[in-house]
Amino acid sequence: MTTKTTLFAGFALAASLSVPALAADSWTMTTTWPSSLELIEIDRHFVNLANKLTAGDLTIDFYEGGALVPAGEVFGAVESNTIQAGGDWPGYWAGRDAAFSPLATTASLFNAVDYVNWILEWGGAALYDEIYGNYGMVYLPYGVTNNESGFRTNSPIRSLEDLQGKRLRLSGLEQGKILERLGGSQVSMAGGEIYQALERGVIDGAEFSTPNVDWSGGFQQVTKYWATPGWHQSASLFGVMINKSAWDALSPETQEKLRVAANATLLWSLAFTERRATEAYAQFDEAVEITRYDDETLARVQEIANEVIVETACANPNSAKVYLSQLEYLADYAKWRDASAPFNLGRTPNGPDIEAIRACAN
């Protein structure tokens, strides 16, 4: 190397050392799920993938539910930018706006693939951003599970008559109203409190999530019966709330990488939870007695669910907007789904009166 070359190399090295490297943005994220419940694996999958895709631009530091704030305070922590992101199930925030309920789940309506279709191709994603946007947040749906387990009890539920007088832990605005019309009463409590409530007989039974999540919660240890199917939540949607100011501070490229991570996790979560639910079903089949409602009973539940959905939608303009979009999707997709039955994706439900909800939305 010549003296001249050495001199220039030295200048280049000095220059590189004198200019500080651009530091990556750092976010703090938590979730509503403790590590003891398997739903947290969806959050972890998203964070791990997002950190790989955004390496050098953004680092997300993830904490399990309860480590930073109680589960019920995650929404407020993100809204205030105390933390930048929080994993959730939208239905927990229905007390703020009833529209969060159908963004999280539906009673005897959507299956998991319906949520994916609706979000990605039928305008659903924009409605998440609109409703969460009212609270200064951006929302990325990144998890979906199919039909939830159903009630876990110590006396069998084989018919609607068996629900009479039962105090059941149940999540969801519409779900509670349906249960009341069936003769039961809704008890609200966090997932981490269910085991002890069942063990002590504080409640007569409970639902929580898919079979694998319920198994991770140990419910087979404190109940003897499992009533299927879970008509109350025909699918559930999960995602991440992001403070909008934190989101806006990102480059468009980094924002797109987060959307890619969310969409990839959404698809992965469906396959992952269905496999895990299948494994857990086999375990439950050996541990408890599994019962199933007959078709006539499920048809009656559908009728009541339809009534409640129309009433709930017409009581809140945002709920009407969300339900109308979902029902328009179902009506549109029904043409192809029914034509290709039984080889297509699920059923076209005999759902609520779309025109009644359209009238409320308009």
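**Figure 1. Asn 81 is partly exposed, with a relative accessible area of 30%.** This opening close-up, like those that follow, comes from a predicted model. Look for Asn 81 in the loop that runs between helix H3 (74-79) and strand E3 (85-88). If you check the backbone torsions here, you will find phi of Asn 81 near 65°, a positive value in a residue other than glycine.

**Figure 2. Ser 108 has a positive phi of about 60° although it is not a glycine.** Here the setting is the loop between helix H4 (100-104) and helix H5 (112-121). Ser 108 counts as buried, because its relative accessibility is 7% and the cut-off for buried is under 20%.

**Figure 3. Domain 1 and domain 2 bury about 2,000 Å² between them.** Domain 1 takes in 25-147 + 235-276, and domain 2 takes in 151-233 + 294-318. Of the buried area, 53% is on carbon and sulfur atoms. On the domain 1 side, Ala 107, Ser 108 and Asn 147 lose the most area to domain 2, and together they account for 27% of what that side buries.

**Figure 4. Contacts link 27 residues of domain 1 with 25 residues of domain 2.** For anyone interested in the polar side of this interface, there are 11 residue pairs in polar contact between domain 1 and domain 2, with both residues at pLDDT 80 or more. Helix H4 (100-104) and helix H11 (252-287) are the elements that give two or more residues to the side of domain 1 that touches domain 2. The residues of that side divide into 13 nonpolar, 11 polar and three charged.

**Figure 5. Asn 146 lies in the loop between strand E4 (137-145) and strand E5 (152-153).** Asn 146 counts as buried, because its relative accessibility is 19% and buried means under 20%. A polar atom of the Asn 146 side chain lies 3.0 Å from the backbone nitrogen of Ala 112. The side chain of Asn 146 also makes a polar contact with the side chain of Glu 274, at 3.5 Å. Leaving out residues up to four places away in sequence, the residues that Asn 146 touches include Asn 111, Thr 210, Ser 234, Ala 235 and Leu 270.

**Figure 6. Phe 62 lies in strand E2 (residues 58-62).** Phe 62 counts as partly exposed, at 23% relative accessibility. Although Phe 62 and Met 29 are 33 residues apart along the chain, their C-alpha atoms are separated by 4.8 Å. Beyond its neighbours within four places in sequence, Phe 62 is in contact with Met 29, Thr 30, Thr 31, Ile 40, Asp 43, Arg 44 and Val 47.

**Figure 7. The peptide bond from Thr 228 to Pro 229 is cis.** Its omega is near -10°. Pro 229 sits in the loop between strand E9 (225-228) and strand E10 (236-243).

**Figure 8. Ala 341 and Pro 342 are joined by a cis peptide bond.** Omega is about 5° for this bond. To find Pro 342, follow the loop between helix H13 (317-339) and helix H14 (354-361).

Conventions: Residues numbered from 1 in each chain as written. Predicted model: local features only at pLDDT ≥ 70, side-chain atom pairs only at ≥ 80, totals over all residues. Heavy atoms only, no water. Domains from an automatic or database assignment. Contact = heavy atoms within 4.5 Å. Buried area = accessible area lost by both parts, 1.4 Å probe. Polar contact = N/O pair within 3.5 Å; in protein donor to acceptor, adjacent residues only side chain to side chain. Helix = DSSP H or I, 4+ residues; strand = E, 2+ residues; numbered from the N terminus. Nonpolar A, V, L, I, M, F, W, Y, C, P; charged D, E, K, R; others polar. Buried < 20%, exposed > 50% of the residue type's maximum accessible area, 1.4 Å probe, protein only.
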